[in-house]
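Here's a quick briefing for anyone opening this structure for the first time. Have a look at the picture, then read on.

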Amino acid sequence: MSYSVPGFRHPNLPQNELGYTTKDYEGRVSTLCAGCGHDSISAAIIDACFEMSIPPHRVAKLSGIGCSSKTPTYFLGNSHGFNSVHGRMPAVATGANMANRNLLYIGVSGDGDTASIGMGQFVHVVRRNVNMIYICENNGVYGLTKGQDSATTDIGSVSKKGEPNALEPIDLCSVALQLGATFVANSFSGDKSQLVPIIQAAIAHKGFAFINVISPCVTFNNSPNSTKSYDYIRQHMASSNAVDFVPPEEEITTDYAPGTSEVVTMHDGSVIHLQKLDEKHDLHSRRSALTLINDYKAEGKVLTGLLFVDLDSQEIHETMNTTATPLRNLTETELCPGSEQLEKINEILR
Amino acid sequence: MKRDIKTNKFVIKFANVNGTGSASANSLFSKAIFRMGIPISPKNIFPSNIQGLPTWYEVRVNENGFLGRRGGIDIMVCLNPQSMERDVAELQPGGYFIYDSSKPIDKILLRNDIDFIGVPFMEHCREAYKDARHRQLFRNVMYVGSLAALLDIELDVLKGLIGEQFKGKEKLIAPNVKALQMGYDVAKKLHECPLAFRLSRRDKVGNRILVDGNSACGLGAVYGGATVAGWYPITPSTSVIDSFAKYCRKLRVDPETGEKNFAIVQAEDELAAIGMVIGASWNGARAFTATSGPGLSLMNEFLGLAYFAEIPSVLVNVQRAGPSTGMPTRTQQSDVLYSAYASHGDTKHICLYPSTPKECFEFTATALDLAEHFQTPVLVLSDLDLGMNEHMSEPLEWDDERTYDRGKVFTADDLETMEEPFGRYLDIDADGIPYRTLPGAHPTKGAYFTRGTSKDEYATYTEDGKKYVDNMERLQRKWETARHNVPKPDIRTTGKPCNVGVIYYGTSEASTLEALHHLDRLHGISLDSLGIKAFPFSDEVEDFIEQHEYVFVVEQNRDAQMRTLLINEFEFTPHKLISLLHYDGSPITARFIRHIIRDNILQTATAPRTRRSSRK
Ligand SMILES: Cc1ncc(C[n+]2csc(CCOP(=O)(O)OP(=O)(O)O)c2C)c(N)n1
Ligand code: SF4
Ligand SMILES: [Mg+2]
């Protein structure tokens with residue numbers, strides 16, 4: 001399309017290949033609590049899209065309900081957004097994706113939105129391998145309804161409410177892996193250097209990309225004995241790898257000791273450069289990822305990084321063999337079989 | 001028994017066991033009569049079960065073209081010993097009871113006001129076929145052959161239909177024809193043929209077709225340009241999607257590449273099904289779902305979102321008997337109120353009420369137009385009787401000049417040339433309908449945030465009471481606009497001075513119109529009638545009620561739901577509306593309607609009128 005980006009550009013802001021500055025990827029001013037992890041994730045999404053020169057209007061943002069689900073208002077203001085109903089973003093995103101396979105779909109959810117009310121839909125959107133990015137902003141608590149434990153709260157973790165949680169937590173990365181997710185990563189809102197390239201890799205991935213981001217709730221779950229607090233995560237975070245995202249045109253310049261790094265060429269030709277921090281981890285093995293998550297958990301550590309990528313992923317439109325033209329662009333000419341055909345059908349029914 | 005000959009006017013019922021393959025034999029029977037130019041209306045009465053329970057198939061044959069259920073059975077074809085007792089009891093005096101006489105009938109069952117016609121179907125099949133499965137299957141074809149002899153069905157027509165049925169599997173034609181002939185010969189040998197109820201070729205079908213409402217809805221969605229369907233299986237709506245899929249595979253697949261111009265997603269539940277429809281419609285595709293009562297209950301939260309955020313969505317609700325799981329395989333019109341006001345808060349939805357397969361086809365296509373035009377959910381309220389039974393219908397029609405009404409959508413060019421900033425919920429044309437943009441339309445203009453929370457005209461979140469009210473009032477203006485754009489009611493006036501009217505909708509149409517015909521002919525009672533086709537009600541509905549002293553409202557539910565909806569929407573006194581309610585799960589009959597109206601009117605001629613309603 002030939003519509004140009006606005007004329008005025010802040011003179012000091014760097015521009016990306018499309019001539020956009022980060023300003024063009026920002027949204028409205030956040031109304032979340034100061035220090036909320038969710039805001040850092042919004043910032044990481046902005047950086048990732050800016051750096052990759054994603055045309056903002058080619059992105060559709062979708063979410064459920066919760067503090068986390070509010071955030072699509074706070075990034076990519078030139079993208080259409082849809083704040084749907086609690087736990088049902090996957091269905092809306094699936095439908096949207098069916099209508100137009102050519103946009104980039106970013107779904108944002110919370111741990112309540114995903115692991116409780118929306119668990120059914122989460123499970124099925126993974127299975128379908130809908131081509132989208134699904135970010136769960138996981139704070140182990142219901143933020144918007146003021147601090148109830150969620151289904152991802154660890155046993156013994158204590159929120160501001162003061163009662164240790166007694167129930168087994170759901171590990172969303174493990175669930176996603178078991179259900180056949182084709183891209184799974186775990187990250188931390190406080191580690192932008194890890195989160196941004198992971199989001200970029202997810203954008204480059206064809207198929208369902210799940211990113212669980214531990215995202216502390218400063219108001220209800222940043223207490224000393226919470227396992228989702230900033231301090232706890234900083235002290236217990238371990239990484240399977242360090243991810244460096246290299247756009248298709250750029251050359252890889254960093255050097256690593258042989259055997260400790262891996263170059264992964266993504267579907268769109270971009271490359272992720274992994275520095276292996278745990279040499280036991282095989283990025284292309286579901287079993288390896290699952291084992292590693294459990295091993296680290298047993299040691300009281302939280303494993304982050306890019307955990308699994310299936311480079312042969314077939315997204316849902318490929319499986320269904322949908323036409324390359326977005327369905328929403330089809331008109332009467334392609335869709336309506338016409339009166340002559342209808343008369344033939346009538347004849348069969350006589 | 002001395003009998004009058006009745007040609008082309010009777011009701012025949014088949015008593016079968018489900019899962020025994022009787023359905024295709026029964027439809028062979030119906031189709032043959034239809035091909036002889038005689039109007040028929042078949043109805044399946046089946047259990048919510050896959051194998052082993054009683055199932056019935058009732059066919060009304062009527063050369064005058066009355067297609068509703070008449071009431072009463074003239075011929076019972078009983079192939080199910082389990083249900084024999086009630087099947088004998090159900091016959092009208094003067095009827096025939098046709099049964100498999102391979103086993104002698106229990107003497108207790110005998111009645112002397114009907115004739116018993118035994119044909120030893122199983123005995124002959126046992127001799128003719130070795131395989132148990134064949135015995136079962138060919139017994140079905142055999143009884144159709146016997147009926148051909150007993151009722152004078154043209155054998156050539158039946159043979160022709162068998163040929164069509166097994167096109168591509170020609171090997172199967174000969175054994176089927178053999179079974180047919182065997183049935184024919186046996187009946188001829190044992191009984192005097194034809195019976196007093198008999199058939200004779202007519203030319204009363206014309207170019208009409210025989211089709212079920214669900215097939216027509218699915219085809220309507222194809223013609224109406226639906227590309228995305230999200231759905232979850234539920235009786236009696238499943239075959240809407242089956243039909244959509246069937247016609248899409250036939251008409252919407254690129255013959256060279258195999259690429260599809262449609263996407264059908266079987267969802268994990270109805271919440272997801274309607275969510276997918278909303279997501280796809282938001283993104284500019286025409287999308288729809290089909291469901292029934294329990295599914296509709298699950299879809300409520302999303303329907304409110306679609307209403308408030310103004311997202312087109314089409315839902316075909318094939319009603320069945322509720323509440324809860326109710327009678328899943330029986331018919332009712334009991335989601336009228338729930339569909340109209342689905343979801344919490346002040347919500348209401350456009351509803352369409354088709355009465356025939358032709359209307360199923362048209363209304364589904366129209367629903368896709370209305371949904372995009374008004375940016376709101378549109379519910380097509382069919383029911384099990386209309387959806388799952390074949391009905392004789394006018395042929396389906398499509399005007400090739402017709403274009404899809406995609407509603408108010410700003411394109412990239414519109415946005416580029418616009419002087420004012422884009423406001424998603426601005427009422428630019430003062431008709432309550434705002435303009436929308438589609439994701440991806442323009443690099444810097446027209447993006448907005450869709451939400452179920454309250455918002456101002458620019459789609460910005462607000463809790464400002466005045467802005468909230470402004471928006472709700474605009475939605476109300478939109479509703480008023482819709483009132484003038486939905487399908488108009490069908491009004492039939494007698495031309496005689498008439499102070500009593502009858503209102504009906506959906507599948508009560510055929511029986512109601514027949515009842516009115518007979519009230520006029522038999523009792524000299526002529527009444528005006530109005531068939532409601534849509535909600536919101538257009539002015540004609542109000543005028544009709546105003547113009548009559550009182551009005552019967554014919555419905556297939558307990559609570560007089562349409563009556564309640566009318567009272568809720570208009571200002572007249574509720575006493576004007578007299579309920580006529582039938583809700584045992586079987587389709588309403590012409591007799592039932594006629595008797596109630598007759599009794600009520602004859603009574604009012606002498607005594608003060610009382611309202612006929614089981615509740616109010
Ligand atoms: C059907 C329904 N039930 C309950 C709610 C109330 N509700 C709003 S947000 C929320 C929990 C959100 O938790 P989470 O997804 O973890 O998001 P967070 O606020 O923690 O980011 C609940 C229960 C709702 N909006 N809808
Ligand atoms: S309540 Fe918690 S999750 Fe919500 S905005 Fe505040 S810090 Fe963030
Ligand atoms: Mg949370």
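How much area do chain A and chain B bury between them? The answer is about 5600 Å², and 60% of it is on carbon and sulfur atoms; buried area here is the accessible area (1.4 Å probe) that two parts lose on being put together, summed over both. Keep in mind that this is a predicted model, in which local features need pLDDT of at least 70, side-chain atom pairs count only at pLDDT 80 or more, and totals for chains, interfaces and linings use all residues. Residues are numbered from 1 along each chain as its sequence is written, chains are lettered from A and ligands numbered from 1 in the order in which they are written, and side-chain values use heavy atoms, with hydrogens and water left out.

**Where the chains meet**

- On the A side, 59 residues are in contact with 75 residues of chain B, contact being heavy atoms within 4.5 Å.
- The rule finds one salt bridge across this interface, where a salt bridge is a side-chain nitrogen of Lys or Arg within 4 Å of a carboxyl oxygen of Asp or Glu.
- That salt bridge links A:Arg128 with B:Glu268, and the closest N and O atoms are 2.7 Å apart.
- Elements of chain A giving two or more residues to the side that touches chain B include strand E2 (80-83), helix H5 (119-128) and helix H12 (338-348). Helices (H or I, at least four residues) and strands (E, at least two) are DSSP runs, numbered from the N terminus.
- E2(A) pairs with strand E17 (residues 449-451) of chain B in the parallel sense, over three bridges; two strands pair if DSSP finds at least two bridges between them.
- Opposite A:Phe82 you'll find B:Thr450 in E17(B).

**The two ligands**

- Ligand 1 sits between chains A and B.
- It has 18 residues around it, and among those that come nearest are A:Cys67, A:Ser68 and A:Asp113; a residue is near if one of its heavy atoms lies within 4 Å.
- An N or O atom in the side chain of A:Ser68 is 2.7 Å from an oxygen atom of ligand 1.
- For A:Asn139, a polar side-chain atom is 3.1 Å from an oxygen atom of ligand 1, while A:Leu144 has a backbone N or O atom 3.0 Å from an oxygen atom of that ligand.
- Around ligand 2 are residues including A:Cys33, A:Cys36, A:His38 and A:Cys217.

**A sheet in chain B**

- Seven strands of chain B make an open sheet with mixed pairing, in the order E11-E10-E12-E13-E15-E14-E21.
- Strand E11 (263-266) and strand E21 (534-535) of chain B each have a single partner strand, so one side of each has no neighbour in the sheet.
- Strands E13 (residues 313-319) and E15 (residues 377-383) of chain B run parallel, joined by seven bridges, and B:Leu315 has B:Leu379 in E15(B) as its bridge partner.

- Most residues other than glycine have a negative phi, and most peptide bonds are trans.
- B:Cys193 and B:Pro194 are joined by a cis peptide bond, with omega about -10 degrees.
- Another cis peptide bond joins B:Phe535 and B:Pro536, with omega about 10 degrees.
- B:Ser343 has a positive phi, near 90 degrees, and lies in the loop between helix H12 (336-340) and strand E14 (350-352) of chain B.

Technical notes:
A polar contact is a pair of N or O atoms within 3.5 Å; within protein, one must be able to donate a hydrogen and the other to accept it, and residues adjacent in sequence count only if both atoms are side-chain atoms.
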